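Open the model in your viewer and keep the selection tool at hand. We will go stop by stop.

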Amino acid sequence: ALVGLITDGDLRRHMDGLMTHAAGEVMTKGPLVIGPHALAAEALKVMNERRITVLFVVESGKPVGVLHVHDLLRAGVI
């Protein structure tokens, strides 16, 4: 199950003493996700609204992929 992810922002916020923290202390818990059958345009809308560049693709509570905004650019969605 996907329990969290570590973003560059998480790393910046914990820069002081970063090496003394466990991943679970630093990570963003319950990140935004999208289902595998969602349209790419829907994923882009979520990314734009939330100002994020990555969405995990989750099916039945398990991660099955990662979608980056650059993937959408390459596919011509934007």
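Exposed means over 50% relative accessible area, buried means under 20%, and partly exposed lies in between. Keep those cut-offs in mind. The model is predicted.

**Stop 1: Ser60**

Select Ser60. The loop between E4 and E5 holds Ser60. Is Ser60 buried or exposed? Its relative accessible area is 74%, over the 50% cut-off, so Ser60 is exposed. Now check the backbone. Ser60 is not a glycine, yet its phi is positive, near 55 degrees. Most residues other than glycine have a negative phi.

**Stop 2: Arg51**

Jump to Arg51. The loop here runs between H3 and E4. Arg51 follows H3. What is the phi of Arg51? The phi of Arg51 is near 55 degrees, a positive value in a residue other than glycine. Arg51 has a relative accessible area of 78%, so it counts as exposed.

**Stop 3: helix H3**

Select residues 40–50, which form helix H3. Colour Ala43, Leu44 and Met47: these are the buried residues of H3. They cover an arc of only 100 degrees around the axis, so they sit on the same side of H3. Turn to the other side of H3. There you find Glu49 and Arg50, both exposed.

What do the buried residues of H3 pack against? Show strand E3 (33–34), E4, strand E5 (62–68) and H4: the buried residues of H3 pack against these elements.

Now show the side chains of Glu49 and Lys45. They form a salt bridge, with the closest N and O atoms 3.0 Å apart. Both residues lie in H3, four residues apart, about one turn of the helix. An α-helix has 3.6 residues a turn, so residues three or four places apart point the same way. Glu49 has a relative accessible area of 53%, which makes it exposed.

**Stop 4: the largest nonpolar core**

Select Ile34, Ala43, Leu44, Met47, Leu55, Val57, Leu67, Val69 and Leu72. These nine residues make up the largest nonpolar core. Helix H3, strand E4 (54–59) and helix H4 (69–75) each supply at least two of its residues. Which element gives the largest share? The largest share comes from H3, with three residues. In soluble globular proteins, nonpolar side chains tend to be buried together.

Centre on Leu55, one of the core residues. Which residues does Leu55 touch, leaving out those up to four places away in sequence? Leu55 touches Leu32, Val33, Ile34, Ala43, Val46, Met47, Gly65, Val66 and Leu67.

**Stop 5: helix H4**

Move to H4 and show Asp71 and Arg74. Their salt bridge has its closest N and O atoms 2.7 Å apart. Asp71 and Arg74 are three residues apart in helix H4, so about one helical turn separates them. Asp71 is at 27% relative accessibility, so it counts as partly exposed. Arg74 is at 66%, so it counts as exposed.

Leu73 is in helix H4 too. Its relative accessibility is 45%, so Leu73 counts as partly exposed. Draw a distance line from the C-alpha of Leu73 to the C-alpha of Lys29. The two are 27 Å apart in space and 44 residues apart in sequence.

**Stop 6: helix H1**

Select residues 8–13, helix H1. Show Arg12 and Asp8. Their side chains meet in a salt bridge, 3.1 Å from N to O. They are four residues apart in H1, so about one helical turn separates them. Both Arg12 and Asp8 are exposed. How many salt bridges does the model have? The count comes to four.

Asp10 also lies in H1. Is Asp10 buried or exposed? With a relative accessible area of 3%, under the 20% cut-off, Asp10 is buried. Leaving out residues up to four places away in sequence, Asp10 touches Leu5, Val26, Met27 and Thr28.

**Stop 7: the largest pocket**

Rolling a probe the size of a water molecule over the atoms shows where empty space is left. The largest pocket holds about 400 Å³ of space. Its lining has 17 residues. Which lie nearest its centre? Select Leu5, Thr7, Ile52, Thr53 and Val54. H1 and E4 are the elements that give two or more residues to this lining. H1 gives the most, with five residues.

Technical notes:
Residues are numbered from 1 along each chain as its sequence is written. This is a predicted model: local features need pLDDT of at least 70, side-chain atom pairs count only at pLDDT 80 or more; totals for chains, interfaces and linings use all residues. Side-chain values use heavy atoms; hydrogens and water are left out. A nonpolar core is a set of buried Ala, Val, Leu, Ile, Met, Phe, Trp, Tyr and Cys residues joined through side-chain atoms within 4.5 Å. Buried means under 20% relative accessible area, exposed over 50%, partly exposed in between (1.4 Å probe, protein chains only). Contact means heavy atoms within 4.5 Å. The arc is that of the directions from the helix axis to the C-beta atoms. On a 1 Å grid over the protein atoms alone, a cavity is a set of points where a 1.4 Å probe fits but cannot get out, and a pocket is an open set with protein on both sides within 12 Å along at least five of seven lines; lining residues have an atom within 4 Å of a point. Grid points are joined across faces, edges and corners, and a volume is the space filled by probe spheres set on the points.
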